Amino acid sequence: MNLDRLPLFALMREDMQWTSERMSVLAENVANADTPGYRARDLARPDFQQMLQNLRSADGGGELQVEQSEQAYEITLSGNSVVLDEQMMKVADTSTRYQLISGLYSKHIRLFKLALGGAR
């Protein structure tokens, strides 16, 4: 059975993909914290309604949009807009979200196994 055909599993997989991609973008921001002129970037938060529509459509998904951070709280004289405290808060938020979704995913897998008479 392909679990990606079930909308709940497909949404969880897409959300885990988004958090993984966001971690990469945030890591790039932190790595460029001292690069002159570097602008902090972030991924656009996925729209749940749009994700459902994508699952119902034939294409099954869309592209993740990388954008510059909506607000630059500080910009150094060199033009760099990376604030490490802000980036670390985003990393912690993203990590927590990934742990939540992966926990839900594994609990649903165990529920399916239990319903099918598998290991308890």
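1. The chain has three helices and two strands, and along the sequence these follow the pattern α-β-α-β-α. Helices (H or I, at least four residues) and strands (E, at least two) are DSSP runs, numbered from the N terminus. Please keep in mind that this is a predicted model, in which local features need pLDDT of at least 70 and side-chain atom pairs count only at pLDDT 80 or more, while totals for chains, interfaces and linings use all residues. Residues are numbered from 1 along each chain as its sequence is written, and side-chain values use heavy atoms, with hydrogens and water left out.

2. Now for some totals. Of the 120 residues of the chain, 28% count as buried; buried means under 20% relative accessible area, exposed over 50%, and partly exposed in between (1.4 Å probe, protein chains only). The accessible surface of the chain is about 8,200 Å², with 55% of that belonging to carbon and sulfur atoms. Such areas come from the Shrake-Rupley method with a 1.4 Å probe, and for residues only the protein chains shown count as cover. Among contacts (heavy atoms within 4.5 Å) between residues at least 6 apart in sequence, 70% join residues at least 24 apart.

3. The largest nonpolar core is made up of five residues: Leu3, Phe9, Met12, Met16 and Ile101. Helix α1 (residues 7–31) gives the most to this core, with three residues. A nonpolar core here is a set of buried Ala, Val, Leu, Ile, Met, Phe, Trp, Tyr and Cys residues joined through side-chain atoms within 4.5 Å. If neighbours within four places in sequence are set aside, Ile101 is in contact with Met12, Asp15 and Met16.

4. Do have a look at the rings. The whole structure holds two aromatic pairs. In one of them, Phe9 and Tyr105 have ring centres 5.1 Å apart and planes at 90°, so the pair is edge-to-face. Because Phe9 lies in helix α1 and Tyr105 in helix α3, this pair ties together parts that are 96 residues apart in sequence. Phe9 and Phe112 form a tilted pair, 5.6 Å centre to centre with 55° between the planes. Phe112 also lies in helix α3, so its pair with Phe9 ties together parts that are 103 residues apart in sequence. The rule is that rings of Phe, Tyr and Trp (its six-membered ring) pair if their centres lie within 6.5 Å; planes under 30 degrees apart count as stacked, over 60 as edge-to-face and the rest as tilted.

5. Ring pairs link Phe9, Tyr105 and Phe112 into a cluster. Phe9 counts as buried, at 1% relative accessibility, whereas Tyr105 is partly exposed at 21% and Phe112 is partly exposed at 32%.

6. Thr94 is found in helix α3 (residues 84–115), and its 1% relative accessibility is why it counts as buried. The Thr94 side chain reaches the backbone oxygen of Lys90 at 2.7 Å. A polar contact is a pair of N or O atoms within 3.5 Å; within protein, one must be able to donate a hydrogen and the other to accept it, and residues adjacent in sequence count only if both atoms are side-chain atoms. Leaving aside neighbours within four places in sequence, Thr94 is in contact with Thr19, Arg22, Met23 and Leu26.

7. Ser102 is also placed in helix α3, and is partly exposed, with a relative accessible area of 27%. A polar atom of the Ser102 side chain lies 3.2 Å from the backbone oxygen of Gln99. Ser102 and Asp15 are 87 residues apart in sequence and 9.5 Å apart in space, C-alpha to C-alpha.
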